[in-house]
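This report walks through selected side-chain features of one protein model. Have the coordinates open while reading.

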Amino acid sequence: MAALVELKGINKRFGGVLALRAVDFTLEAGEVHALLGENGAGKSTLMRVLGGEVASESGEILLDGQAVRIAGPRQASERGIAIIHQEMALAPDLSVAENIFLAEMPAAIAWPALRRRARELIARLGFAIDPAAIVGELSVAHRQVVEIAKALSRNARIIVFDEPTAVLAVRDAERLLGIIDTLRGSGVGIVYISHRLDEVFRIADRMTIMKDGARVGTVRPSEASIDAVIRMMVGRPLSTLFGERGERQVGEEVLRVENLSDGKRVRGVGFTVRAGEIVGLGGLVGAGRTEVARMIFGADHKHSGTVTIRGVATHIRKPKDAVRNGIALVPEDRKGQGVVLDLPIRVNATMARLGPLTNLAGFIKRRRERETATRLGSDLRIRMSGIDAPVGSLSGGNQQKVVLAKWFLTEADLVILDEPTRGVDVGAKAEIYTLVHSMAAAGRAVIVISSEHLELFGLCDRVLVMSEGELRGELQPGDYSEENLLSLAIRGEAERMVH
């Protein structure tokens, strides 16, 4: 029996760069086939060829064994192919029902029938979302459900998920994996692109690994370990990915937080971090970790509590106060809060400390700015065409390095990193981890907030676990395990449900 999809010898060149090199890929009906690789490996380009967004220069596409030509996204949709990108293509001001049936909206709309069909599609996915609700007012998880319902409304037989859980809370990610399992059971072929290898090993029937535009190999989860897959992706094993720890001296106390509360989401949080120490903040999404970081940084108002830096009680009411007190925050929302995407790299990398770059009249010394940005780019190994390129032109990992460069320049005593490698490929993660170690080696106190437990265990000297806005305990390296972390994180929720 012919495969649902077969891509044979696909080649694609962008300018002088060969983005795809004779790539072969097959997808069976009722299969979840993961597509893995670093950013730039060619995964998304290959799926854009399948989705009709770009044309290959050679090779062929077969659907059910028949060679086809897909001239654009509309033709792909007509052939039952749907691509659900990480940046969802929904109209935020329209209703759920309107978004689902936007491509087939008649001139005269029978609203009750339209909403009934939308409700039935959403119910098939196990959700009860109001078809009349405005999409822009939905949670990210519910918007993703609308995207999937839209694909099902067009009788999609092939659905490509590109980083579907990158911005989802743990429970929402679990529900999405359940939806994908249901789709597989109904005969839909799923291509699953993700950097979260633990998810991939749970959900995938097969995994194809790409590197530098070529297919490295295809394996089943039962045939390979995570370590082996990472070696195929980046050429080195998992044990080397957390960077060189080197010798670090843990010095005096840099941060002391006592009885920190905001009156609702965070209650009575207290902990310390010393110079040269990397402390993790773990727990489920929504546990209050980001809120703690933002209160320390002055981005959110605290109801009570004290923040002491190097033995001196601070009065931080806004981020400018935090920067003056030697505190840096790399935020969870890199694109929305960490960088200005349309501005050049040189501006983004230097904006947190303009004093040394300005003259007496307050004007920027352009030569000094360029020298500083060039040095930071070299030190942090930012891959860019030049410092005048907009940050939006960079990959996710290199955008994150620009955010780090900004705070490197301030020479802060305390650096808080909120989800520092979200949406970043394995190779770029290793480089970011090395930078984190270098911060600690330079005597800075570092806090890492992460939903990836393996990241916390590989990077941190100890891990504090939060649940329901409170600190529930601390794990030392000898106690690091998924079970121990989750038992602390879930215990708080279980207690809340009992009461």
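## Salt bridges

This is a predicted model. A search of the whole structure finds 28 salt bridges. Side chains of opposite charge can pair when their charged atoms come close.

| Pair | Closest N and O atoms |
|---|---|
| E147 and K150 | 3.6 Å |
| R184 and D205 | 3.0 Å |
| R472 and E470 | 3.1 Å |

Start with E147 and K150. Both sit in helix α5, which spans residues 140-153. They are three residues apart, about one turn of the helix. E147 is buried, and K150 is buried too.

The bridge between R184 and D205 has its closest N and O atoms 3.0 Å apart. This pair links distant parts of the chain, 21 residues apart. R184 belongs to helix α6 (residues 170-185). D205 lies in the loop between α7 (197-203) and β9 (206-211). D205 has a relative accessible area of 26%, so it is partly exposed.

R472 and E470 also form a salt bridge. Here R472 is buried, at 19% relative accessible area. The cut-off for buried is under 20%. E470 is partly exposed because its relative accessibility is 26%.

Salt bridges can also join into a network. Which residues are linked in this way? They are R346, R366, E369, R370 and D388.

## Rings and charges

How many aromatic pairs does the structure hold? It holds one. The rings are those of F457 and Y480, with centres 4.9 Å apart and planes at 20 degrees, so the pair is stacked. Planes under 30 degrees apart count as stacked. F457 lies in helix α16 (residues 453-459). Y480 lies in the loop between β20 (470-475) and α17 (482-498). The pair therefore ties together parts that are 23 residues apart in sequence. F457 and Y480 are both buried.

The charged end of R175 sits over the ring of F127, 3.9 Å from its centre. The charged end of K12 sits over the ring of F14, 5.2 Å from its centre.

K12 is found in strand β1, residues 5-14. Buried or exposed? K12 has a relative accessible area of 13%, so it is buried. Leaving aside neighbours within four places in sequence, K12 is in contact with V17, L18, A19, L20, T45, A55, S56 and E57. V68 is 56 residues from K12 in sequence, and their C-alpha atoms are 17 Å apart in space.

R462 is placed in strand β19, residues 462-467. R462 is buried, with a relative accessible area of 11%. Which residues beyond four places in sequence are in contact with R462? Among them are T272, V273, E277, I278, V279 and G280. The list also includes E474, L475, Q476 and Y480. Y480 is one of the two residues in the stacked pair.

L394 occupies the loop between α13 and α14 (396-410). At 9% relative accessibility, L394 is buried. Leaving aside neighbours within four places in sequence, its contacts are I345, I382, R383, M384, Q399 and V402. T306 is 88 residues from L394 in sequence. Their C-alpha atoms are 39 Å apart in space.

## A nonpolar surface patch

Which residues make the nonpolar surface patch of about 200 Å²? V340, L343 and M351 make it. M351 lies in the loop between α12 (345-350) and α13 (366-379). M351 is partly exposed, with a relative accessible area of 30%.

How values were computed:
Residues are numbered from 1 along each chain as its sequence is written. This is a predicted model: local features need pLDDT of at least 70, side-chain atom pairs count only at pLDDT 80 or more; totals for chains, interfaces and linings use all residues. Side-chain values use heavy atoms; hydrogens and water are left out. Patches are made of residues with over 30% relative accessible area and no salt bridge: like charges are joined within 9 Å, nonpolar side chains (Val, Leu, Ile, Met, Phe, Trp, Tyr) within 5 Å. Accessible areas come from the Shrake-Rupley method with a 1.4 Å probe; for residues, only the protein chains shown count as cover. A salt bridge is a side-chain nitrogen of Lys or Arg within 4 Å of a carboxyl oxygen of Asp or Glu. Helices (H or I, at least four residues) and strands (E, at least two) are DSSP runs, numbered from the N terminus. Buried means under 20% relative accessible area, exposed over 50%, partly exposed in between (1.4 Å probe, protein chains only). Rings of Phe, Tyr and Trp (its six-membered ring) pair if their centres lie within 6.5 Å; planes under 30 degrees apart count as stacked, over 60 as edge-to-face and the rest as tilted. A charge sits over a ring if NZ of Lys or CZ of Arg is within 6 Å of the ring centre and within 35 degrees of the ring normal. Contact means heavy atoms within 4.5 Å.
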